[in-house]
Each structure stands twice: as structure tokens, then as C-alpha cells.
Amino acid sequence: MLGSLLPTPTPGRAAAILREIFGGLPASFAFRLWDGQEVRFGAGAPVCTAVIKSPETFLSLIRDPSPYNFAEPYVQSRLDLEGDLFATMEVANAVESLEVTPLRKLSIFLSLWRR
């Protein structure tokens, strides 16, 4: 329901939001957005890449960036994971440590209106 109220994020805005949310994680991984743009984190080559297939999938992921909310779109083929499966699990463990406060979530959602 909230997704229908939010503007469709541009790939550039989505990349900035991903950097804000995941930039502090101590893992080498990447996201590839629906336009092919890659957003990398950590030192060295990414051990895995999460391929976000649409802006709608991106919005559902940033609402609650938890491993469960990555698994659901993966099972529904709205998200692909490329790379070593075991290394991906290490990245998932790092994602579990993320804490996105309600105030930070609000800030992120408001940033969707910025160009």
C-alpha cells in the first residue's frame, strides 16, 4: 500500500539510498539495479550481487532491509542473487546487523521525492 503512495525511484536515487543504508557493512557485495547500474560495497570484488529487477522490488526491500525481505522477492523471481551461495550467506549475516530506525526510514522515504 505504501509503495503506491511513493514516487517511482530513479536508478540514481535508488543507488544513493542503497549507499546510505548498506554503506557501513563490512562485506564486499553489490546491487545491480533494473537499468543495469551496479552499486558496490566493501573492498575488492563483490562476493555476490543482488539483482533488483524493478523499482517496486527496490521499494519493498528498503522498507525493511532484512534477510527475510530479500528471500521473499528472490523466491518470487523479482530479485536474483549472483555469486557464491556460501559467501552470500555471510553477507546476509552482515545485513542482519543493520538497524534502520524509524526516523532514518522516514528520511529515506522523503528522499524519494528529491531529484
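Student: How many residues sit between strand 1 and strand 2 in the hairpin, and which residue in the turn has a positive phi?
Tutor: Strand 1 and strand 2 form a hairpin with five residues between them, and G36 in the turn has a positive phi of about 95 degrees. Strands here are DSSP runs of E with at least two residues, and helices are runs of H or I with at least four residues, both numbered from the N terminus. This is a predicted model, in which local features need pLDDT of at least 70 and side-chain atom pairs count only at pLDDT 80 or more, while totals for chains, interfaces and linings use all residues. Residues are numbered from 1 along each chain as its sequence is written, and side-chain values use heavy atoms, with hydrogens and water left out.

Student: In what sense do the two strands pair, and over how many bridges?
Tutor: Strand 1 (residues 29-32) and strand 2 pair in the antiparallel sense over four bridges, where pairing requires that DSSP finds at least two bridges between two strands. The bridge partner of A30 in strand 2 is R40.

Student: What do the side chains of E38 and R40 do with each other?
Tutor: The side chains of E38 and R40 meet in a salt bridge at 2.7 Å, N to O, the term being used for a side-chain nitrogen of Lys or Arg within 4 Å of a carboxyl oxygen of Asp or Glu. E38 counts as partly exposed at 30% relative accessibility, while R40 is exposed with a relative accessible area of 52%. Salt bridges that share partners join R32, E38, R40 and E82 into one network.

Student: Where do E82 and R32 lie?
Tutor: The side chains of E82 and R32 meet in a salt bridge of 2.9 Å, N to O. E82 lies in strand 4 (residues 79-83) and R32 in strand 1, so the pair ties together parts that are 50 residues apart in sequence.

Student: How many salt bridges does the count come to?
Tutor: The count comes to five salt bridges. One of them is between the side chains of R104 and E20, at 3.9 Å, N to O. That pair links distant parts of the chain, with R104 in helix 6 (residues 102-111) and E20 in helix 2 (residues 11-22), 84 residues apart.

Student: Switching to helix 6, which residues are buried there?
Tutor: I108, F109 and S111 are buried in helix 6. They cover an arc of only 155 degrees around the axis, which puts them on the same side of helix 6; the arc is that of the directions from the helix axis to the C-beta atoms. On the other side of helix 6, P102, L103 and L110 are exposed.

Student: Last topic: what is P67 in contact with, beyond its neighbours within four places in sequence?
Tutor: Leaving those neighbours aside, P67 is in contact with A92, V95 and E96, contact meaning heavy atoms within 4.5 Å. P67 has its place in helix 4 (residues 67-75), and P67 counts as partly exposed at 26% relative accessibility. P67 and V91 are 24 residues apart in sequence and 9.4 Å apart in space, C-alpha to C-alpha.

Conventions
Buried < 20%, exposed > 50% of the residue type's maximum accessible area, 1.4 Å probe, protein only.
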